[in-house]
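Student: I've got a model open and I'd like to learn how to read it. Can you walk me through it?

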Amino acid sequence: MNEKAFKRRKLHSILFFLLIIGVAFISAYMTDFNLVEGMATIPTALIWMAENLIITTDTLAKLPKILEKLNETIFMSIAATTIAAAISLFLGIAGSTTTAVNGFFSTLARLIASFARNIPVVAWALILLLSFGQNSITGFLALFVGTVGFLTRAFIESIDEAGSSAYEALTATGATYFQVVGKAIIPQCLPQMISWILFMIETNIRSATLVGILTGTGIGYAFDLYYKMLDYQAVALITLLIVAAVIIIELASNHIRRVIL
Amino acid sequence: MDSVYLKRDKAGRINIKAGNRVNSVINWTVLSLTLLTVTAFLFFDYTGLEIGRAIMETAVNLRTMFLQPSLNHFSWGEALFQVGVTISLAVIATILGAVIAFFLALWSAVNLANKWVSKSIKIFVAFIRAVPTVLWVLIFAIAAGLGSEAAILGMLFHSIAYLVKAFSEAFEEVDKGMLEALRSTGSGWWHTIVHAVLPSTSTYLLSWTFLRFEINFSVAVAMGAAAGAGGIGFELFMASGFYFDLREVGFITYAILLVAIVLEVASTHLKKRYFSS
């Protein structure tokens with residue numbers, strides 16, 4: 001590389017950084033965000049956390065009630081993910097270029113997935129809340145829609161990546177479409193798909209908290225309730241329990257992933 | 001010839017899947033997920049749910065939303081401004097997060113830092129990641145007050161945790177020989193970072209940062225709705241929770257959808273360019 005190219009590259013990186021800094025300043029102006037003030041609140045917030053987020057024996061009396069809510073959230077996210085995975089399997093097979101039946105269904109599947117995925121879970125939760133009311137099904141459906149969108153994209157990618165050789169080989173033997181899909185495509189992509197499903201369960205437990213705050217279900221509702229009652233010990237307990245649940249599920253799915261991938 | 005023990009089924013056919021651990025783990029996982037799902041439906045709280053009426057109503061609502069979107073409580077200019085605020089929240093959290101995560105990731109990559117420092121940063125970051133963003137925002141809101149500051153700090157925490165993991169994995173894949181070559185010339189730690197690690201990972205770092213930006217946009221919408229951070233998410237919350245104005249909800253949803261699709265197309269493009277091996 002000659003000197004000129006080096007100089008040009010340097011100029012490019014400098015321009016890029018100036019651009020980023022410019023965008024950051026515009027954003028800070030739009031949101032009234034003051035960097036110095038913002039950073040200064042971090043220590044204050046941390047000190048406050050250390051002083052107030054302490055679990056006492058009083059709080060432990062609320063444990064059974066909170067655990068019940070946490071259970072609801074965990075079950076909600078597992079159920080939403082599993083059922084969404086079943087639907088996504090069909091959409092994924094219809095949407096992938098390897099196994100597409102025809103162009104119309106393929107585009108339709110991708111369109112549904114894109115629509116479901118790009119409208120945020122919050123919007124789904126608020127829309128569904130209007131007619132489904134305050135119960136587990138609202139949260140379940142909100143998570144379900146977002147998960148279908150995400151998993152369909154992931155499944156389409158896994159099927160595409162697996163390649164078409166097995167598909168061609170089975171078609172050459174005269175196997176029907178369903179035999180090919182059942183005996184070649186699904187067994188080949190299953191480990192990848194399960195890995196995505198496990199990933200989605202972890203993500204959904206976190207999103208379920210958010211959905212819970214909006215729709216009044218599960219652990220999110222419990223958090224919101226104690227938060228508004230200024231009962232910060234209970235808030236600390238809930239946060240800790242969510243962390244424990246997420247980490248346990250993460251460890252379990254890492255273990256499964258190590259075996260199957 | 002030695003006799004080989006073959007597992008056969010009742011009909012005498014050879015069972016080719018016998019003893020395959022991968023298959024049994026997959027079967028167990030699928031089975032237990034199905035069982036958990038069935039139990040979930042038995043334990044759900046169905047208070048006040050009339051499924052038939054709810055589905056009909058949702059269908060009508062969705063039709064009103066998506067076929068007749070309109071603005072009633074604020075103007076086009078304001079809508080654009082609110083979308084801008086949401087994007088700005090995401091931008092600040094992503095940029096600050098990426099800068100801080102870069103340094104933390106340097107100290108948490110096993111080939112660049114002390115083993116114990118690396119381990120403790122990784123555990124700390126895993127803890128931060130396990131707490132949902134909205135809880136961070138609400139916790140910060142107690143100290144900083146509800147608003148953009150708490151939202152940005154909460155999102156920042158989560159972005160840092162996510163990016164440290166991604167960045168440190170990228171750093172750990174840097175060619176060992178390159179680092180050794182530089183070290184053998186007597187160059188210092190910062191020298192190796194600037195001249196070996198940074199050039200060979202910069203495209204990865206930028207792509208990961210952009211992916212996080214995409215996530216942060218939808219998080220910013222959520223924070224507006226759930227934690228009063230302002231922006232289009234807050235307008236969405238007001239439109240559906242206070243005004244019950246489905247047409248406005250439809251308009252806002254379209255606006256969010258548009259931004260999200262633009263970001264997704266851009267990130268797919270980036271992924272194809274930099275992550276395809």
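Student: Which residues of chain A does the UniProt annotation "domain: ABC transmembrane type-1" cover?

Tutor: Keep in mind that this is a predicted model. The annotation, from an unreviewed UniProt entry, covers residues 70–253 of chain A. That span is 88% helix and 0% strand, and its end C-alpha atoms lie 19 Å apart.

Student: How is chain A divided into domains?

Tutor: Into two pieces: domain 1 takes 3–52 and domain 2 takes 57–260. Their C-alpha centres lie 34 Å apart.

Student: What radius of gyration does chain A have?

Tutor: Check it against a reference. A compact globule of 261 residues would come out near 18 Å, but chain A has 24 Å. Its C-alpha trace spans about 70 × 65 × 40 Å along the principal axes, and buried residues make up 44% of the chain.

Student: What about the contact with chain B: how many residues does each chain give?

Tutor: In general, interface size is often quoted as the accessible area lost when the parts come together. Here we have residue counts: 58 from chain A and 64 from chain B. The chain A side divides into 40 nonpolar, 15 polar and three charged residues.

Student: Where does UniProt list "transmembrane region" in chain B?

Tutor: Its unreviewed entry lists several stretches, including 79–109 and 121–144. Residues 79–109 are 97% helix, with end C-alpha atoms 43 Å apart. For residues 121–144, the values are 92% helix and 26 Å.

Conventions:
Residues are numbered from 1 along each chain as its sequence is written. Chains are lettered from A and ligands numbered from 1 in the order in which they are written. This is a predicted model: local features need pLDDT of at least 70, side-chain atom pairs count only at pLDDT 80 or more; totals for chains, interfaces and linings use all residues. UniProt positions are given in the numbering used here, feature names are shortened, and annotations may be inferred rather than shown by experiment. Helices (H or I, at least four residues) and strands (E, at least two) are DSSP runs, numbered from the N terminus. Domain bounds come from an automatic or database domain assignment. Two residues are in contact if their C-beta atoms, placed from the backbone, lie within 7 Å. Ala, Val, Leu, Ile, Met, Phe, Trp, Tyr, Cys and Pro count as nonpolar, Asp, Glu, Lys and Arg as charged, and the others, Gly among them, as polar. The radius of gyration is taken over C-alpha atoms; the globule rule is 2.2 Å times the number of residues to the power 0.38. A residue is buried if 20 or more other C-beta atoms lie within 10 Å of its own, exposed if 12 or fewer, and partly exposed in between; C-beta atoms are placed from the backbone.
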